[in-house]
Amino acid sequence: MNLTGKMGLITLLTDFGNQDGYVGMMKGVILTINPLVRLVDIAHDISPGDIESAAFVLARTVPYFPEGTIHVVVVDPGVGSDRRAFAAFSNGCFFVAPDNGVLKWILSRDRAAQVYSLDCEKYFLKNISLTFHGRDIFAPVAAHLSTGRQIAAMGTRIQDYNVEKMGLPEKNNDLIKGEIIYIDRFGNLVTNIPADFLEGGILHINIRHSIITHLSRSYAQESAGTLLAIHGSHGNLEIAVANGSAARKLEVKIGEPVILRLKNE
Amino acid sequence: MNLTGKMGLITLLTDFGNQDGYVGMMKGVILTINPLVRLVDIAHDISPGDIESAAFVLARTVPYFPEGTIHVVVVDPGVGSDRRAFAAFSNGCFFVAPDNGVLKWILSRDRAAQVYSLDCEKYFLKNISLTFHGRDIFAPVAAHLSTGRQIAAMGTRIQDYNVEKMGLPEKNNDLIKGEIIYIDRFGNLVTNIPADFLEGGILHINIRHSIITHLSRSYAQESAGTLLAIHGSHGNLEIAVANGSAARKLEVKIGEPVILRLKNE
Amino acid sequence: MNLTGKMGLITLLTDFGNQDGYVGMMKGVILTINPLVRLVDIAHDISPGDIESAAFVLARTVPYFPEGTIHVVVVDPGVGSDRRAFAAFSNGCFFVAPDNGVLKWILSRDRAAQVYSLDCEKYFLKNISLTFHGRDIFAPVAAHLSTGRQIAAMGTRIQDYNVEKMGLPEKNNDLIKGEIIYIDRFGNLVTNIPADFLEGGILHINIRHSIITHLSRSYAQESAGTLLAIHGSHGNLEIAVANGSAARKLEVKIGEPVILRLKNE
């Protein structure tokens, strides 16, 4: 193994699971180019092709990583079509991903973001497959970035990229109409209602056919099986079930409305 | 990325799965504080909130790690309640975990263990969520330990922590009454019967409605589908099915009794 | 932690999943022997005991790793029986695995491969279990190799090892009879038909009760739910469903025949 290279940090976020070696192939490509780079897995059990969930997980995870980190996202159902491939620099970090919306929340936070369309083939693998650009394009580009190669060398600067702010809920006086935007492994339901909307206190929350009348301080404060609302770790209102799954109890999906009435103080 | 820090070793054991980025966030927090630390995953598919299984996996895994390793356990259904958070030093290794029993088997082995209640907020993240202390407290505390920060600086030394030895089976002459204490991915049933109890040989083992009349030397020694008993890799008697799952074949759960009659030599 | 050692690269491919700490134990063993080694996971959700899938994933992943990499494979249903344990050197890389066929495709590519039967117990852990040679034999042997220990020191050179080329399909003029040899997480069906067999164009492909009449350029080119054929990332013909699972749609398993008629040019 050639031990040149720089000790950068590359993260991987994919829908590849842990059975086929696809993540391993990407890591092999990266370590062949830069044997000193550090590799960290963000998540690999994103549902196949679920771009929205990948965009959410990425936006919520990136702030905890150090400056200079290179984040690679491969949730890429459009691979092989004419969707573009991107390298971006935003808020001190690098991103390598398909142009399908996975970066929309990252790029919306930063008007100064630099986005490049990957068209410099010398940074790709020699043989590009039709179905696995994660291995053949994104991994080697990220590895070259980690060695200190300039992002501007990777392709053409573009301006027409997707930007989308996370949608805020409708608010009419003391009434808020939000929705579920993410469901995690525990069946916790993350809403699009920022926790600071609730500072004055709530009268009640409606979701599906259930009503919640107060905010809990912890899951464990309620008895097992109780439906509860809490200031979640993503900074938003979350609906959960103590020692259980709110997603299963309420049988809800992403997009389910959440109606909230604030205390009229 | 700031390249100060020390090359410590931190392991992570959680019930976070691989879909939401929660493990990734913890790693980002750790690498921001100590970019040189090594990170190793013990397991992340512990069933949500299954403290007993986490305690078992931890106790069986830790002996294989080098001295000085920092083990972080986040199976934490009581997060946000008044359960305490711990840093401990025991048998040459460090532990960072909630005070909910996940460390009971580790601490029971070592009367000289030092246990601290984490109350020094300067080693936490700035904003502490109600629901994710793994990211906001355990990860940064572990990272600071890995940089060489003293454990005594992290909080207040305490003595009233949970200690529990792994329960031994009842033994009356040639009769042993044990139970299943862990079930692994393969459906192998780990009992609480130490393998050295069996040295004189066995007459028969009863589990559920089945009888096993000898110890096997390997899974492969028996024909596919055969229920068998073996000296397992955890050092205990295990019940297994050759090329199959004993948990599925017998439909048993943790706590299932295992009755064993020894040879009367 | 003792910081001697060399900065080698060890990969792990197992059927251990992510719940029991078995992969963690192997990593602990390795890092105790060589604290500087780099560890990369290839895949751990191989179906329990599925040697064929492990052999496929290994053969397809290894070419992307740098020279000198040490690949450890533990899909080992015969553990504890008299199946041998191997260390091998082939095409610049090292392999440590049971003698059960997982290396057959690797070794068939290289007549100059050196294969050793692991019988030098000083490189094993002190206590060898009957059921977990991954931890007790393969991990420590790989770690010693990573420190620069010679492979010839690990055991006895042998010649009578399994070699098997990936089976090519039958070809009669314009008719090809192949089969499905691997099914991935996405439900994509990998055939044993090399993509370069198709260069002249196809008339139709039969699989199960379905007919596909052209090769697609990408998944996204077809409308969601469409059954399609594509030049896959493994270099073979793949059958897929746009935004879906071909395995589920066709209800096929490994071994399913695929009949292909080429254009008669």
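User: How many residues does the contact take from chain C and from chain A?

Analyst: Happy to start there! This is a predicted model, and in it chain C puts 34 residues into the contact while chain A puts in 35 residues.

User: And what area is buried between chain C and chain A?

Analyst: About 2,900 Å² is buried between chain C and chain A, with 58% coming from carbon and sulfur atoms.

User: How many salt bridges are there between those two, chain C and chain A?

Analyst: The count for chain C and chain A is 0 salt bridges. Polar contacts are another story: 16 residue pairs are in polar contact between chain C and chain A, with both residues at pLDDT 80 or more.

User: Which elements of chain C give two or more residues to the side that touches chain A?

Analyst: Those are β2 (38-43), α2 (51-61), β9 (175-183) and β14 (227-231) of chain C. The one that gives the most is β2(C), with 5 residues.

User: How do the residues on that side of chain C divide into nonpolar, polar and charged?

Analyst: The side of chain C that touches chain A has 16 nonpolar, 10 polar and 8 charged residues.

User: Switching over to chain B and chain C: how many residues does each give to the contact?

Analyst: Chain B gives 34 residues and chain C gives 35 residues. Together they bury about 2,900 Å², 58% of it on carbon and sulfur atoms.

User: Which element gives the largest share of the side of chain B that touches chain C?

Analyst: That would be β2(B), with 5 residues. The residues on this side of chain B divide into 16 nonpolar, 10 polar and 8 charged.

Note on methods: Residues are numbered from 1 along each chain as its sequence is written. Chains are lettered from A and ligands numbered from 1 in the order in which they are written. This is a predicted model: local features need pLDDT of at least 70, side-chain atom pairs count only at pLDDT 80 or more; totals for chains, interfaces and linings use all residues. Side-chain values use heavy atoms; hydrogens and water are left out. Contact means heavy atoms within 4.5 Å. Buried area is the accessible area (1.4 Å probe) that two parts lose on being put together, summed over both. Helices (H or I, at least four residues) and strands (E, at least two) are DSSP runs, numbered from the N terminus. Ala, Val, Leu, Ile, Met, Phe, Trp, Tyr, Cys and Pro count as nonpolar, Asp, Glu, Lys and Arg as charged, and the others, Gly among them, as polar. A salt bridge is a side-chain nitrogen of Lys or Arg within 4 Å of a carboxyl oxygen of Asp or Glu. A polar contact is a pair of N or O atoms within 3.5 Å; within protein, one must be able to donate a hydrogen and the other to accept it, and residues adjacent in sequence count only if both atoms are side-chain atoms.
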